[in-house]
Amino acid sequence: SDNKTPQEATPELGRRRFFNTTAIVGLTAGLAACSDKGGNATAPAAGSAPAGHATAANASHLKPGELDSYYGLWSGGHTGDVRVLGIPSGREILRIPCFVPDALVGWGHTNESKKVMGTKADGSLRYTVADTHHVHASYKDGNYDGRYAWVNDKINSRVARIRLDYFVCDKITQLPNVQGFHGIFPDKADPVDPAINYTTRVFCGGEFSIPLPNAGTEDEKQYRSLFSCLDAETMEVRWQVLLDGNCDLVATSYDGKLAATNQYNTEMGAKYEDMMSAERDSCVFFNIARIEAAVKEGKFKTIGSSKVPVVDGTRESNKDPKTALTAYVSVPKNPHGVNASPDAKYFICAGKLSPTATVIELAKVLEWFDGKLEKLDGAIAAEVELGLGPLHTAFDGRGNAFTTLFLDSQVVKWNVEKAIAFHKGDKAAKYVVDRIDVHYQPGHINASQSETKAADGKFLAVGCKFAKDRFLPVGPLHPENEQLIDISGEKMALLGDHPVRGEPHDFIFFKRDLLKPKAVYNIDEFPHAVKDAKDSGVTRNGKKVTVKMTSLAPAFSLREFKVRRGDEVTLILTNLDKVQDLTHGFAIPGHNVNFIVNPQETASVTFTAGEPGVYWCYCTHFCHALHLEMRTRMIVEA
Ligand code: CUK
Ligand code: CUA
Ligand code: CA
């Protein structure tokens, strides 16, 4: 490969230097390089063949019946869901609908899921589109604790929470006065109370700056972005911070004291050429304890009809380190991605339009807040060249970082302490350890347990944005290519390609024993549960009819039920089966009804009874040898 830092080869200055003010030309040239990769893709790229690692070569091929060793949670992009993948096999095991209706389970059709998703006054769903980017899970003692995961919807500024005992979305919150909500990350501890060494907050970065309140002014210099904090349990928005520049991705420190978001638009431009006009942007740090103290002391305002306290995090108001709520560390040109190292020492911010990664030392940022570090940029421990288009970084827990190079279609493995030594002047410190070609244009990257103190350095998953020629052609729409790389040795080895339905962005994967999912629901969690088949029946209140029913393979508790044309029918179904994997479905022809009930689950739907006639309601989810016979009749009378 021709992709070398100055250390590895004679520098090709034209390619390797920071993109300068003619950056648009540079960017265009870089993107042209993307299509080259597709054009000559028949020639296998050097480094793509698994080298060494005879044992690892089979690691992604599990024998029949063999279970994966890691759970992976993948965002679904604009399918609005979250996918559960087994790693290392890459098999998709489940899709968890969150923001968007799902026909398999009836998400967005049942009353229970509609309540989570949010409805308009007429009972219809407020939104049926979404764009999920980032999935992160709750922490305890620096590792995942298996309680929750959160995912963002960029389009409508929503946060969804997933319960990891049932793998279902149980709450969705919309952020006020935020557009283009992008980065999300839970905290890992409380900044003040050492007994709280687990997640109690979720931080959210607002990417698009807007007028606040949004009264439609055209002058973009008036636009601002907000950084939001949610309560992890109640999912209510606790506070927001007003910023100069935008927010993007989010990282949190292991001690709970700091959160940060990278800013690519410190210029506060409305056009991309304006957004990339400055040579340096920022990674802005938040002093969580001080922000919460300011909120307590009433030092906030509110915006528009929102009651959420908004503190002032702008540069002008936060010049004095001793009282500052925010600290803007400078980072080269349009950074993308900020990731916390598992040794809890650093945040790494990738340059995107600069070929560099910036290593920021958290202890120094805290020193600055204490008034003990003269210049904030003294917190920059290293700023080293990696390659073109660095985006996101993962870690192996052995001091190495892995950064995706979008334009180079590579992953670069580099040693953080050596990069720091190099930055300090030790030009013999060889910080780049290895490079591997990936296929193609990687965005997110993550290693097994990477974002925990238990990073284990076994596997690396790479979200390649373009699959091009890697799978059977299926017309113009290509899948994405999630590649798996063995990182257990010094050199990386490509293990496999996994096609995934568009369009995952971010993902995490962690040891399977961190989760204890339940195969059967607790019937008491459903307030409307029909706990006994004898409670089945039809009750009428004017035009409103309630039908209560249970399922127990291979029958529904009612053989038939009668309603009248135009009735508003609410049908409540409890699955009394207690056996693992015994799910039933319930469909009514002509009434747009179909949903499932898992063992001991209750779900309900509300619909208007149509034309008089007989409607065979049937089980849609294969459950029993008599699955086809599992039916009931809805008789609609005139
Ligand atoms: S962003 Cu997609 S490659 Cu939305 Cu996480 Cu970086
Ligand atoms: Cu019950 Cu199929
Ligand atoms: Ca910029």
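Tutor: Let us begin with secondary structure: helices (H or I, at least four residues) and strands (E, at least two) are DSSP runs, numbered from the N terminus. In this case, α7 is followed by G425, whose phi is positive, near 125°. This is a predicted model, in which local features need pLDDT of at least 70 and side-chain atom pairs count only at pLDDT 80 or more, whereas totals for chains, interfaces and linings use all residues. Residues are numbered from 1 along each chain as its sequence is written, and chains are lettered from A and ligands numbered from 1 in the order in which they are written.

Student: How many helices and strands does the protein chain have?

Tutor: The protein chain has seven helices and 39 strands.

Student: Which residues of helix α7 are buried?

Tutor: A residue is buried if 20 or more other C-beta atoms, placed from the backbone, lie within 10 Å of its own, exposed if 12 or fewer, and partly exposed in between. In α7 (residues 416–424), the buried residues are V416, K418, A419, I420 and F422. They pack against the strands β18 (346–350), β19 (356–361), β20 (380–385), β22 (400–405) and β23 (410–415); a contact requires C-beta atoms, placed from the backbone, within 7 Å. Over the protein chain, buried residues make up 53% of the 638 residues.

Student: How are the overall dimensions to be read?

Tutor: The radius of gyration is taken over C-alpha atoms, and the globule rule is 2.2 Å times the number of residues to the power 0.38. For 638 residues the rule gives a compact globule a radius near 26 Å, and the 26 Å of the protein chain agrees. The C-alpha trace spans about 85 × 60 × 45 Å along its principal axes.

Student: Which domains does the assignment give?

Tutor: Domain bounds come from an automatic or database domain assignment. Here domain 1 is 56–174 + 386–514 and domain 2 is 523–637. Their centres, taken over C-alpha atoms, are separated by 37 Å. Six residues of domain 1 are in contact with seven residues of domain 2.

Student: What surrounds ligand 1?

Tutor: A residue is near a molecule if its C-beta atom, placed from the backbone, lies within 6 Å of it. The shell of ligand 1 consists of H133, H134, H182, L249, H336, G337, L391, H392, G443, H444, H505 and D506.

Student: Where are the cis peptide bonds to be found?

Tutor: One is the bond from I87 to P88, with omega near 20°; P88 lies in the loop between β2 (81–87) and β3 (91–97). Another cis bond joins H439 and Y440, with omega about -5°, and Y440 is in the loop between β24 (432–437) and β25.

Student: Is F167 buried or partly exposed, and what is its phi?

Tutor: F167 counts as partly exposed because it has 19 C-beta neighbours inside 10 Å. Its phi is positive, about 60°, although F167 is not a glycine, and its place is the loop between β6 (158–163) and β7 (168–174). Q600, also a residue other than glycine, has a positive phi near 70°. Q600 lies in the loop between β36 (593–597) and β37 (602–608) and counts as buried, with 23 C-beta neighbours inside 10 Å.

Technical notes: Two residues are in contact if their C-beta atoms, placed from the backbone, lie within 7 Å.
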